[in-house]
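Here is a protein model to explore. Take a moment with the picture, then read on for a short tour.

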Amino acid sequence: FALIRQAVREKWHSPPGNRSPGVGEDSELLAQDRFGIPSLKLLLQPKERTMYSGLEAEARVPRALMLLRRLVERRRRLRYIPPLAATLVNHNLTEVMEAYNECLAVSRSVEWEYRGSQLTVSLLLVFVFSSPFMLSLSFSWLTSIGTTLIAAAFYGIAEVSTVLREPFQWGSSPLNDLTSMGTRLHNEVHLISQLIAPPSSHKALVVVA
């Protein structure tokens with residue numbers, strides 16, 4: 001999940017308080033990941049960090065899913081995981097990959113729509129500040145109320161369109177808060193790892209997330 005978070009958010013959007021248009025090199029994201037909760041600095045071992053450092057951010061997720069498939073297949077051959085459970089896990093991994101590709105397509109579209117959105121905001125600014133002069137002839141002293149409502153309505157629509165166009169920004173959409181999703185997933189996996197003992201040679205264990 002942390003690799004997905006970086007590919008769809010950190011690669012395209014600056015963290016809060018960062019004035020630069022980007023978030024740094026991919027190597028910095030792997031080594032520090034200062035704004036990730038949980039951070040890849042905590043999640044990755046040195047060997048894994050070295051392996052992923054040779055890949056682009058978008059290519060790390062398919063690699064991680066491939067390694068998970070190998071792990072499931074190895075556990076299935078050792079009879080730690082029944083064939084049906086292995087099939088379900090592989091099906092879930094396929095769904096994750098499909099969802100990731102869709103999220104990536106949305107994130108890539110942001111770069112092409114950025115100039116158009118800036119032009120729209122500029123035109124909106126001109127219209128809102130020129131509307132009082134047009135409305136004053138008809139509404140007289142009620143012009144201030146009308147222009148306030150117009151400004152609130154147009155800027156509200158612009159904000160909604162920004163959230164819909166860029167759903168993976170930093171805190172732009174409560175429905176897609178990647179940080180809280182990652183934290184909740186990390187806590188759940190940590191709790192499961194504490195409650196379930198590792199499989200032994202004489203006892204099969206099945207975990208389906």
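## A tour of the helices

Arginine 79 has a relative accessibility of 71%, so this residue counts as exposed (exposed means over 50% relative accessible area, buried under 20% and partly exposed in between, with a 1.4 Å probe and protein chains only). You'll find arginine 79 in the loop between α5 and α6. Its phi is positive, at about 65°, even though it isn't a glycine. Most residues other than glycine have a negative phi.

A word on where this comes from: the model is predicted, so local features need pLDDT of at least 70 and side-chain atom pairs count only at pLDDT 80 or more, while totals for chains, interfaces and linings use all residues. Residues are numbered from 1 along each chain as its sequence is written, and side-chain values use heavy atoms, with hydrogens and water left out.

Now zoom out. The protein has eight helices and zero strands; these are DSSP runs numbered from the N terminus, with H or I over at least four residues for helices and E over at least two for strands. Of its 209 residues, 26% count as buried. Among contacts (heavy atoms within 4.5 Å) with a separation of 6 or more, 59% are between residues 24 or more positions apart.

Helix α1 is mostly covered: nine of its nine residues are buried.

How do α1 and α5 lie against each other? The axes of α1 (residues 2–10) and α5 (residues 57–77) come within 8 Å and cross at roughly 155°. Here an axis is a line fitted to C-alpha atoms, for helices over the stretch in contact, and angles run from 0 to 180 degrees between N-to-C directions. On the α1 side, Leu3, Ile4, Gln6 and Ala7 do the meeting, and on the α5 side Ala57, Glu58, Arg60, Val61 and Ala64.

| Residue | Contacts, leaving out neighbours within four places in sequence |
|---|---|
| Glutamine 6 | Lys11, Leu29, Leu30, Asp33, Leu40 and Arg60 |
| Tyrosine 52 | Leu3, Leu30, Leu44, Arg60, Arg63, Ala64 and Leu67 |
| Proline 62 | Met97 and Tyr100 |

Is glutamine 6 buried or exposed? With a relative accessible area of 1%, glutamine 6 is buried. Proline 62, found in helix α5, has 30% relative accessibility and counts as partly exposed. Its C-alpha atom is 9.9 Å from that of leucine 93, which lies 31 residues away along the chain.

Finally, the middle of things. The largest nonpolar core has 22 residues, and those with the most contacts inside it are Leu3, Val8, Leu40, Tyr52, Val61 and Tyr100. Such a core is a set of buried Ala, Val, Leu, Ile, Met, Phe, Trp, Tyr and Cys residues joined through side-chain atoms within 4.5 Å. Two or more residues each come from α1, α5 and α6 (83–139), and the largest share, six residues, is from α6. In soluble globular proteins, nonpolar side chains tend to be buried together.
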